[in-house]
Amino acid sequence: MQPLIFTRFMTVEGLAGWPPPVFDPAGPFAGSITTLAWVLTGMAVAVLAIVLLAIWTALKGRPALRKRLGGERMIWIGGVAFPVVVLTLLLIWGLSLTSGISKPIAGTDMRIRVSGEMWWWRVSYLDGQGREILRDANEIHIPAGQTVALELTSADVIHSFWVPRLSGKLDMIPGRTNVMRIQADKPGVYGGQCAEYCGGPHALMGFVVVAHTPEDFGRWMASRQAPPPAPATNEARRGAALFASAGCAACHAVAGTSANGLAGPDLSYVGARRTLGAGILPNNRGAMIGWIGNSQAIKPANRMPAYTMLPAEDLKAIAVYLEGLK
Amino acid sequence: MTSETGFDPKLYDRFPTSGARPRGELEELERIWCAPKGWQYLTVVNNNYVGIYYVGAAFLFFLLAGILALVMRVQLAAPLMGVLPQETYNQFFTMHGTVMMFLFAVPMVEALGIMLLPQMLSARDLPFPRLSAYAFWAYLVGGLAFFSSLFVGLAPNGGWFMYPPLTSTAYSPGINTDFWLLGIGFIEISAIAGAIEIVVGVLRTRAPGMTLDKMPIFAWAMLVFAIMIIIAFPAVILGTLLLEFERAFNWPFFDPTRGGDPLLWQHLFWFFGHPEVYIIFLPAAGLVSMMVAMVARTDLVGYRLVVLALLATGFISFGVWAHHMFTTGMPTLSVGFFSAASMAVSVPAGIQVFAWIATLAVGKVRYNTLALFIIGTLIIFTMGGLTGVMVALVPFDWQAHDSYFIVAHLHYVLIGGMVFPMFAAFYHWAPMVSRRALSERLGKWVFGLMFAGMHIAFLPMHLTGMMGMPRRVYTYLPDRGWDLPNLISTVGAFVLAAGIALFVIDLIRNVRLAPGGGNAGNIYGAGTLEWLPTELYSTRSIPVVKSRQPLWDDPDLSKDVEEGRYFLPGSVTGNRETIVTSPLMAEPQYLQIMPGPSVWPLLSAVFTAGFFLLLTVQAYGAGLVSGVLAILAVLRWMWETDRPVKQPFVDIGAGINVPTYVTGTSTHGWWAMVVLMIVIGMIFLMTVFSYLYLYGRSTRFWIDPPDAVSLALIVGGAALSALLAAGSRRALLKGDGRKRLAIWLLILASIVISAVTFIDYRSWLAAGLDPEASGQGAVIHAFIGLQACLSGIALLMAAFVAARGARNFIPVPRSNVIDLPAIFIIFTAALGAAGPGLVRLFPGTL
Amino acid sequence: MRGKAVIEKAACAACHAIPGIKWPQGELGPSLDGFADQGMIAGRFSNRPDLLVRYIRNAPSMTPGTAMPAMPISEGEARDAAAYLYTLHDR
């Protein structure tokens, strides 16, 4: 599966436009909630219609009708009996749905640990024993048609993981691990965004879930086991050297090189990502240069300092180097 | 008819009295309750003034927070707008939520209570007028200072819910968060003060004959409101204290790396935060219940059902807090419980809605502005309630939570449940405080704009949320389809604002405040007591109440009341006074002498504000001075209280004699002290909850408690202190000769309980407990801090009693000045034994 | 306005402040405010549409060493973007 070199401004179909993602599920976990959402919407509209009708009757209705409406009996029927019946039915159904969605994790589920960090997502793919087999950031790759268990946690403040087309949201809380299961029925790209206010550029903390066919996913996973290709051109080699000397490696890691910083996103395959800056910019060379040079102007208060002191050609060299990491 | 206090209800038949009233009686009443002049407007305590100030200030904050909302709506009108930078936007939405909830909604309903309740109950004033004045000034000064933080870019930016760890020093090192904690501190103080005032006012100062069953619904609603404040606010008081301790002293209540837990904050905050919604809604619902009856010109259908609904709402609302936490990964079982409770709470809401509809159906509706706002309330609130039922279902909430769907839901609930009723109330009660009513012609426009604007602004947000737009984002990227609904919402916000602006114009054009007499009067033909002719002393005489709508049932009532043919037609002691009645049947019990205007509540409030503000900006020395001055000002204000008058018994009308000075469990002071002790007890219970909660999370860093000797010393000391305090009361009973002994016993009791606290502290110190090292250390230090604070108050009380003793201001053989400190010390001693006992015996290595 | 869409999706504004694009407002490259009234592109080429389109699509081929990369957009898209830039007059 070849990632697109150039993406639309937002490739993130899951968060894009019409139909509303909550009503357009792409997997079973979101699907059952969508059914519920339709039923609840119907319930709300119907009850509202009844209440409006009652108000209208009270104000303008025939005297006989008004008389019937104007007694304590009506309060018992409309205010007690009716809601109790409707709510009890809804509750029973809702609770059975809840337990269906939050069944315990099956041992065979694929495990991915996602940690919310201010203001990006650290992604670790785990093997059956919980060992990390692959590190990535801001993109989660899953095989379509399979249930994947996401172990959600946080390294700093509370974030919330939300991919509306795949599932409801679940908070990422420091000191805890919450487990969410997602499944995408078909290959595709599903957008997500942080849903719990986490300070600063909370609004600009997005990510994507990429679902592949199981075969593609297997190939993808295999290809990621090796370090990314070494820089091929002079400019890229110069960029790699600058990457090391300018201090980038203090925060970022690139597999197979001496860069092993852990504070920021892993950049081993950054060239293959769909977006930059945690789901906000298209990944092209120009955006990369702009981001490295002065990410503060793009995503204020993010943790990466501006590198305005680097001359233009250096920035470009680094961008060329990173672009080749795919 | 049975009696509650031994009062013979036949005595009510003596009213209305006949015969001429003595000359000069009315003039004296007017002199005693005279209007302030010049600077005296700052020292008034009369609810007619304080109520109006309070309503005005709360409305000011409503406008300010509304302006913030408008600016935010401009920023969100299109993707990637640059009107508000990220940081400023974060401050704006935090302030919008905080100001609307804490500086507008709660104070506004409390203000309406202070303004309307004495009138509705036909009391001369609320039982603690100076406390109202203090609460108001603390709120105004604190609120303005808090709001001003926005102008210097230091406003809080962590959201109105202030979740740690985002608000811990690690991620919010600036003083922005401290400003939030400060602002909330004020509102906590004034809310608790107001709640005490309202509980005692509603239960003890009703007009004779107004049994609980005849109370106006609003009084019921305010009673439930006040009780809910008393139970709910301690959770947020404790929460804010713990967060400030964590920030100031590095005590890790919410830090998971040291045995704290960020979810503890969420539990504390929402245990307060959800009841808070009903705290706002119930009084407004009470107003609607009264106004619906007025609009339909008939009695409210289902009065008792509505009262039951109010009580049920209050009760159930304490079982729903965790529905704000459905996405935190709670166990399925608790999710089920909270989901069920959240749905159950809609039943009492349904009862009220249908009671209102039934009342409209029975009566004959006048289509004035008031009626429009009532109908608007019904529709908007129902819509908010229905989306509330939707999000009560957990799986749906997983999608809707923290999205714009919730923004829509909560604005429907709060605007329908509080803002529209408030505007209806403005139209309805304006003639009570103003020479002119508000304009009907403009009013219909105000309603139309507000109703349309409200829907245009918030209806699309349901969709925006389902389209995936999260809350609290300062901007959003294009190409997501969110542009159009957001633009519509922005347009709607301005339409809504236009309606409110028109209302403000109407206010300026028509409202001519007349706190005493000369108001427009009962233009709607309402039937409750606040529509009796009033002056600054409220009604000339206090009527006997025989029904729920006395003015409808007795057409002569207004005339008779005005001619002084009922209770207390003048001042019998030459002081401000009101009748204290029994809690259930409202039988006259005694005459309360009320304090008059004073500068001390104002000064106390200013210095209290100074204390917190100066601490926030880290001027510790000046802050301390201000704190001491605040305490001195409070003591000075208390100095003038509780002075018996010469006449032990007085005739309050028709030959009915009541005492002027009573002590013990029937006094308003005792009741207030009990309410205060419940508040403190709730803070204590919340601390216990925090302790157990953190214990349940992790005991990795916990140490063994000190040995049994310390516990024996503490329990023994606490018991001794309680005995000494009880002995003090007994000694005083023996007469003048034992007065000095009584005072000494009280002083000793306060010293012993302080020593107990110190022993507790030392024993933990010796055991090696470090407040910074673990959740255990932090919570136990919170316990000790609470106890130290109570002990300090006990010492202050003892010193105050000693000072009054020295000047011979203590009546013998019974005195509230001894009684109230004594029960406070006994209570402190009980907590002083319970807290250390708990943390030593559980987890239990002793 | 197609040009604006191209500029937005290619994230030109990651480096250049461009009137009409509210976010981002990159500070790395020169601001393009008043670009229509500028005499030169990058100080070297006269400000003509054909050169501008070429420059946008492949700046390094015209000024080696520039930080501006070749932009992965089509000829037509570059023309749209250029058209937008020519609406930016001095204020």
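The structure is a predicted model, in which local features need pLDDT of at least 70 and side-chain atom pairs count only at pLDDT 80 or more, while totals for chains, interfaces and linings use all residues. Residues are numbered from 1 along each chain as its sequence is written, and chains are lettered from A and ligands numbered from 1 in the order in which they are written.

Along the principal axes, the C-alpha atoms of chain A fill a box of roughly 90 × 45 × 35 Å. Of the 326 residues in chain A, 52% are buried. A residue counts as buried if 20 or more other C-beta atoms lie within 10 Å of its own, as exposed if 12 or fewer do, and as partly exposed in between, with C-beta atoms placed from the backbone.

Within chain A, an open sheet of 5 strands runs in the order β3-β2-β1-β5-β8, with mixed pairing. Two strands pair if DSSP finds at least two bridges between them. At the edges stand β3 (132–137) and β8 (178–182) of chain A, each pairing on one side only. Strands β1 (residues 110–117) and β5 (residues 148–154) of chain A pair in the parallel sense over 7 bridges, and here Met110(A) stands opposite Val148(A). By contrast, β2 (residues 120–126) of chain A pairs with β3(A) in the antiparallel sense over 5 bridges, where Leu126(A) faces Glu132(A). The hairpin of β2(A) and β3(A) has 5 residues between the strands, and Gly130(A) in this hairpin takes a positive phi near 85°.

The next view is of the two chains together. Their contact takes 74 residues from chain A and 71 residues from chain B, two residues being in contact if their C-beta atoms, placed from the backbone, lie within 7 Å. The largest share of the side of chain A that touches chain B, 17 residues, comes from α3(A).

Chain B is divided into domain 1 (50–510) and domain 2 (701–841), with bounds that come from an automatic or database domain assignment. The C-alpha centres of these two domains of chain B lie 39 Å apart, and 10 residues of domain 1 are in contact with 10 residues of domain 2.

Some backbone details of chain B deserve a look too. Most residues other than glycine have a negative phi, and most peptide bonds are trans. A cis peptide bond joins Phe15(B) and Pro16(B), with omega about -10°; Pro16(B) is found in the segment before α1 (25–32) of chain B. Another cis peptide bond joins Pro164(B) and Pro165(B), with omega about 0°. Ser122(B), not a glycine, has a positive phi near 55°. Ser122(B) is buried, with 30 other C-beta atoms within 10 Å. Asn808(B) also has a positive phi, of about 60°, but this residue is exposed, with 9 other C-beta atoms within 10 Å.

Conventions:
Helices (H or I, at least four residues) and strands (E, at least two) are DSSP runs, numbered from the N terminus.
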